[in-house]
Amino acid sequence: MRRIFSSILLFLLLLPAAGRAQSVGLVLSGGGAKGLYHIGVIRALEQKGIPIDYISGTSMGAIVAALYAAGYSTEEMEQIVLSGAPEKWVSGRIDDKYFYYYRERDYMHGMLNLRLSTHREQKDFPNRRRLSIPGSMINTAQIDMALLGLFESASAAAGGDFDSLMVPFRCMATDINRHRAVELRRGDLARAVRASMAIPVAFPPIEIDSMIMCDGGCYNNFPWQVLDESFHPDILIGARCGKDDEPVGEDVSVIDQVMALSTMPTDYDMPEGRSLLIGRAVDISTLDFSQGRYVMDLGYDDTMERMSEIESLVTRRMSADEFRERREAFRSRCPETVVQSIRADGLNANQQAMVDNIMRLDRKRGSDMSALPFDDVHDHYMMLLANTALQGRFPRMEFDSVSGKFDMTLPLHLKPRLNFSFGGNISSTAFNLGYIGIGYQSWGRVVQKANLDMLLGPIYTMVRLKGRTVLLSRRPVFFDYSYNFNITNTLHGNFGNLTEVSNSAAIKAKENFLSFAVGVAPTRKSVVDLTINLGRNSYGYDMEHYKSRQYTHFTYVAPKLEIERSSLDRILYPTHGSRIAVSGIYVYGRDERDSSGDLLFPDSSDRIDNIHQWWGVKSVWEQYFDVSRGGRFSWGYSLEGVYTNYSGLDSPEATSISAPVYAPLLHSRMIYMPEFRAKRYLGAGLMPTLKIINNLYLRLSVFAMLRDRFEDSLMHYMADFSVVYHTPVGPISLAMTKYNFKNWNNLYLTFNFGYAIFGPKGTYY
């Protein structure tokens, strides 16, 4: 009897411990895009009813763990990944839809940009470096706002205590100055996750509690000890998506090199008998989020393969209803992410007023200005950074428990006013270009900009000194004024011809003109402007019966009214978006040529001095759209038409050089081809594009031009087959180009790297 009583007493004493033994902690490693593996792991565990009572992670593991702790289902996580949003976030580029097109329309892209603080800025900001070199490879503005949108509501519901999330949560960061791992257990959830994922060099560090934090993987890439010490689960399940000792090859990315150098050896040896590790070395690069489905499925499949071991270790189960009810119970406590106030830090009064204006640009009159949906705030903030000289650090959001809304603070600072740009085009042809740009900008209620742009090359040279004044409002108004000097010289050099060339000629054209414009941006992607050019052009060409090259000089005044809308994703080789432009011009001028001394048989009457005037209209429609799932294949088409009553200048050669030109291909803009210059024409093209891998495309372009009869033909053709790779500093292309299809003449092969930039034309068309 005594033995039976002792057994019952021992059973009762051990019963709570037996219950506690079924608490399960899940640990997720870092690994960048490889960490999407963990979403598949969680999906498999939930499908089999394996409970997750505590969760911890580092870097990408922290993001997935925080999403789960904040009440997101694996279906919602997968939807985020497959939407393509993570790829946009880590690109560092603010989405094109936030940019005002009028700012980008005549922007000259450089490969390298450096900013320099002026003496005045040094006095105002003594801690600012004179030479501003980017502190990271990737601008995290989109990532920062995405994290706030994902986590602020859950953080408010938990009161800043990570133990009070749907599932208690821990993540790791690294204190840069003290060279140590830091466990983050409370505070702003979005800020904690942002610190944990701040890969050195790739992302800028972030401040938490006076500590400068970067990626937690530098010192603890698998925080099982932290979870074990904080919550004492009796069963640990770990998910690992890489190997710390994985060898680095010669062709590894910069980010992977940095992570290999900065990541300390991590302890993955969890306690025997009560733990299980699922994992593999996922074979993608750190920031390759394009293979999300593949990586998530790897995590799911690997977990299902180990499920019998997991089920033997974990006897407790949670039904699908229990998972759903737990998630719904927590999310019912989460407030809607509505912003009641926005304040800018680090700016003067005028700049703060302008920030306030831009952040509310699209608010309707009479609406509640103290109730801004987070999506609106996100869009306005992106627009602010895209269209001003401002840079932002991680925004702060604080929950007001009385109103149930959030107060937002934007830490902002002005970029240095002086900017230097370097770039150009490296070509296998004579069309090599060097580009140097110097810009200065002041920003407040009125934006003032000044730029000096220089393009130097054997075929094309341009110098432009330009100023711009912008009145920022709901519909920005801008005033442009510039001096332009262009020289085109096709007299010497090879243009990549593989066969005999019969359609091009050697010319020299020089343009000097002043330009004045006023415009308004009705929407972010449209422009209406009125421009007046005043200039003098010189056209050089060879003529029969003359001893030397002849020059026609044309002095003119030319106004233009244009309406344009563009949402193209790239200035060269676009694959998405459209462009529509309609314009009208009037040109009045005087052409002069004195050739009496150059005639083989001199004639004193061969002096030209005539007045010419003409008007013209031009319309362009270009569009690209996806025709396959995932953007693998896109289709583009273009239509372009010009009609003028241009009667020509003093000679057929000068008339052809100065006539409107149809040049839809990059190569067609490099050379002078009389057949594609006419006073009126209609052009059409088809541009199918196949995406091979990220940023690598095959593109076919075929164009036809209908014009007045030229060399017994009304129709003229050009085609181009290109391999294009878009790098962060400009496109690389290898193109086979053919003009007309009657024979094998006029076939070209060209290689270009960079931006082949062309300045505006004084007479527009």
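User: Before we start, what do buried and exposed stand for here?

Analyst: Buried means under 20% relative accessible area, exposed means over 50%, and partly exposed lies in between, with a 1.4 Å probe and protein chains only. This is a predicted model, where local features need pLDDT of at least 70, side-chain atom pairs count only at pLDDT 80 or more, and totals for chains, interfaces and linings use all residues. Residues are numbered from 1 along each chain as its sequence is written, and side-chain values use heavy atoms, leaving out hydrogens and water.

User: Thanks! Why is C241 called buried?

Analyst: C241 has 0% relative accessibility, and the cut-off is under 20%, so C241 counts as buried.

User: And what makes C334 buried?

Analyst: Its relative accessible area is 19%. That value is under 20%, so C334 is buried as well.

User: How many disulfides are there?

Analyst: A disulfide is a pair of cysteine sulfur atoms within 2.5 Å. By this rule the count is zero.

User: Let's turn to helices. Why are α4 and α12 called roughly antiparallel?

Analyst: Helices are DSSP runs of H or I with at least four residues, numbered from the N terminus. The axes of α4 (residues 74-82) and α12 (residues 292-305) cross at roughly 150°. Axes are lines fitted to C-alpha atoms over the stretch in contact, and angles run from 0 to 180 degrees between N-to-C directions. Angles over 145 degrees count as roughly antiparallel, so these two helices get that name.

User: Which residues make the contact between α4 and α12?

Analyst: Contact means heavy atoms within 4.5 Å. On α4 the residues are E78, V81 and L82, and on α12 they are G292, R293 and M296.

User: Which residues of α4 are buried?

Analyst: They are T74, M77, E78 and V81.

User: How do you know that the buried residues of α4 line one face of the helix?

Analyst: Look down the axis of α4: its buried residues fall within an arc of 95°, so they line one face. The arc is that of the directions from the helix axis to the C-beta atoms. On the other side of α4, E75 and Q79 are exposed.

User: What do the buried residues of α4 pack against?

Analyst: They pack against α2 (37-47), α3 (60-69), α5 (85-91) and α12.

User: Which residues of α15 are buried, and why do we say they line one face?

Analyst: In α15 (residues 349-359), the buried residues are Q351, M354, V355, I358 and M359. Seen down the axis of α15, they fall within an arc of 130°, so they line one face of the helix.

Notes. Angles under 35 degrees count as roughly parallel, over 145 as roughly antiparallel, 65 to 115 as roughly perpendicular and the rest as oblique.
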